[in-house]
Amino acid sequence: MPWYVIYTQPRNEKKVVERLEKLGIDVFCPMITQVKQWSDRKKLVTVPLINSYVFVNIKEVEREQVLKVFGVIRFVFWLGKPATARQIEINSLKKLLNDKISHFEVNEYKEGDTITISSGLFQGKEGKINKIGNNSFQLILKELGVLITLKKDS
């Protein structure tokens with residue numbers, strides 16, 4: 001069975017996952033832990049890696065059941081068909097979340113360059129470098145319709 005990509009209401013990913021799990025649906029929402037700064041304190045919070053996106057492993061006939069869940073807006077479509085992820089991609093994403101990126105360097109690229117990712121979760125995908133900072137860079141993956149920000153651990 002393929003993993004379909006669904007689009008949820010903003011900041012409802014965790015609730016949608018809970019509701020789908022209660023229905024017995026195999027669901028995956030990649031989560032990361034970030035330090036959030038408030039005026040009086042810092043706090044570790046768990047947030048979705050890709051905002052408003054959740055993956056469901058269902059049969060084609062179960063799509064209508066997913067759409068009835070409160071918080072689900074629609075299935076994501078690509079080239080007129082429901083967007084899907086292969087099991088190997090979901091496994092790679094899970095592995096990526098278990099590993100921590102401790103260091104990366106961007107030396108030879110500049111903003112606006114288009115690159116093909118040579119290894120890892122997004123291997124073979126083309127991306128455009130949107131922004132390069134001292135400790136981070138942003139990469140737009142047009143094929144997936146997402147902006148990825150990679151940050152250097154301090």
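How many bridges join strand β11 to strand β12, and do the two strands run parallel or antiparallel? In this predicted model, in which local features need pLDDT of at least 70 and side-chain atom pairs count only at pLDDT 80 or more, totals for chains, interfaces and linings use all residues. Residues are numbered from 1 along each chain as its sequence is written, and side-chain values use heavy atoms, with hydrogens and water left out. Strand β11 (residues 126-132) is joined to strand β12 (residues 136-141) by 4 bridges, and the two run antiparallel; strands are said to pair if DSSP finds at least two bridges between them. Within this pair, Ile-132 has Phe-137 of β12 as its bridge partner.

Both strands belong to an open sheet of 4 strands in the order β10-β11-β12-β13, with antiparallel pairing. At the edges stand β10 (114-116) and β13 (146-151), each of which has a single partner strand, so one side of each is left without a neighbour in the sheet. On average, neighbouring strands of this sheet are turned by 35° against each other, direction ignored, where the axes are lines fitted to C-alpha atoms, for helices over the stretch in contact, and angles run from 0 to 180 degrees between N-to-C directions. In general, strands of a sheet pair through backbone hydrogen bonds, either parallel or antiparallel.

The protein chain as a whole has 3 helices and 13 strands, which are DSSP runs numbered from the N terminus (helices H or I, at least four residues; strands E, at least two). The C-alpha trace spans about 50 × 45 × 25 Å along its principal axes. Of the 154 residues in the chain, 32% are buried, a term that means under 20% relative accessible area, whereas exposed means over 50% and partly exposed in between (1.4 Å probe, protein chains only). Among contacts with a separation of 6 or more, 53% come from residues 24 or more positions apart, contact meaning heavy atoms within 4.5 Å.

Ser-52 lies in the loop between β4 (42-48) and β5 (53-57), and it counts as buried at 6% relative accessibility. Although Ser-52 is not a glycine, its phi is positive, at about 70°. Not counting residues up to four places away in sequence, Ser-52 touches Ile-6, Tyr-7, Thr-8, Gln-9, Pro-10 and Glu-13.

Leu-79, which is placed in the loop between β7 (77-78) and β8 (81-82), also has a positive phi in a residue other than glycine, near 55°. Leu-79 is exposed, with a relative accessible area of 73%.

Leu-23 is found in the loop between α1 (13-22) and β2 (26-28), and with a relative accessible area of 43% this residue is partly exposed. When its neighbours within four places in sequence are left aside, Leu-23 is in contact with Gln-65 and Val-69. From C-alpha to C-alpha, Leu-23 and Leu-144 are 28 Å apart in space, and they are 121 residues apart in sequence.
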